[in-house]
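I opened the notebook to look up a few things in one structure. The entries follow in the order I made them.

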Amino acid sequence: ALFSHPNIVESPHLAYKGFSLFIIGSLLYKGVYMSLLQGLAPFLPPDDGEHVRFKAIISQTAIGFFAMTSAMLWMYPLDTVRRRMMLSVNHEEFEYRSVQHCVRTILRSEGLRGFYRGALFNTCRGGLTTGLALAIGISL
């Protein structure tokens, strides 16, 4: 278990390594996401009538997916650093001493592409979540 790891038993504060990045990243993600949604909302077609309703649902879903994807891709490098900082606690010798050290190490060893590893999977997962939410919303 995580809390029985020798490093965490000796220094419990290490269990929260990367927690501040989680809080900052969550707030920034929601800010970007909501700003994009509010900025694109005036371009949505009105939701009146049965035939136009389908068009409105499709356009709302497309704009929601665009906002989610844009915000996720904008915040993904910060999320990558957060994940690596949290995972480095389980190693015998800590891989990263600070956020700056983590960023420099990723840039040096993997380049800019290292910050976006797994972003395609996250985008697909977001699209699936959007589709499921739409399906559940329509069936209710």
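What percentage of the 140 residues in the protein chain do buried residues make up? I found 27%, where buried means under 20% relative accessible area, exposed over 50% and partly exposed in between, with a 1.4 Å probe and protein chains only.

I noted that this is a predicted model, in which local features need pLDDT of at least 70, side-chain atom pairs count only at pLDDT 80 or more, and totals for chains, interfaces and linings use all residues. Residues are numbered from 1 along each chain as its sequence is written, and side-chain values use heavy atoms, with hydrogens and water left out.

**Entry: elements.** I listed five helices and zero strands in the protein chain. Helices (H or I, at least four residues) and strands (E, at least two) are DSSP runs, numbered from the N terminus.

**Entry: helix α2.** I looked up α2, residues 19-40, which has 22 residues. Its first and last C-alpha are 32 Å apart, close to the 32 Å expected at 1.5 Å a residue; the expected span is 1.5 Å times one less than the number of residues. Which residues of α2 are buried? They are L21, G25 and Y33. On the face turned away from the buried side of α2 I noted the exposed residues L27 and Q38.

**Entry: core.** I found seven residues in the largest nonpolar core: L21, V81, M85, Y96, C102, I106 and F115. Such a core is a set of buried Ala, Val, Leu, Ile, Met, Phe, Trp, Tyr and Cys residues joined through side-chain atoms within 4.5 Å. The elements giving two or more residues to this core are α3 (50-87) and α4 (99-110). I then checked C102, which is buried at a relative accessible area of 0%. Leaving aside neighbours within four places in sequence, C102 is in contact (heavy atoms within 4.5 Å) with V81, R84, M85 and Y96.

**Entry: cysteines.** I searched the whole structure for disulfides (pairs of cysteine sulfur atoms within 2.5 Å) and found zero. C124 is partly exposed, at 49% relative accessibility.
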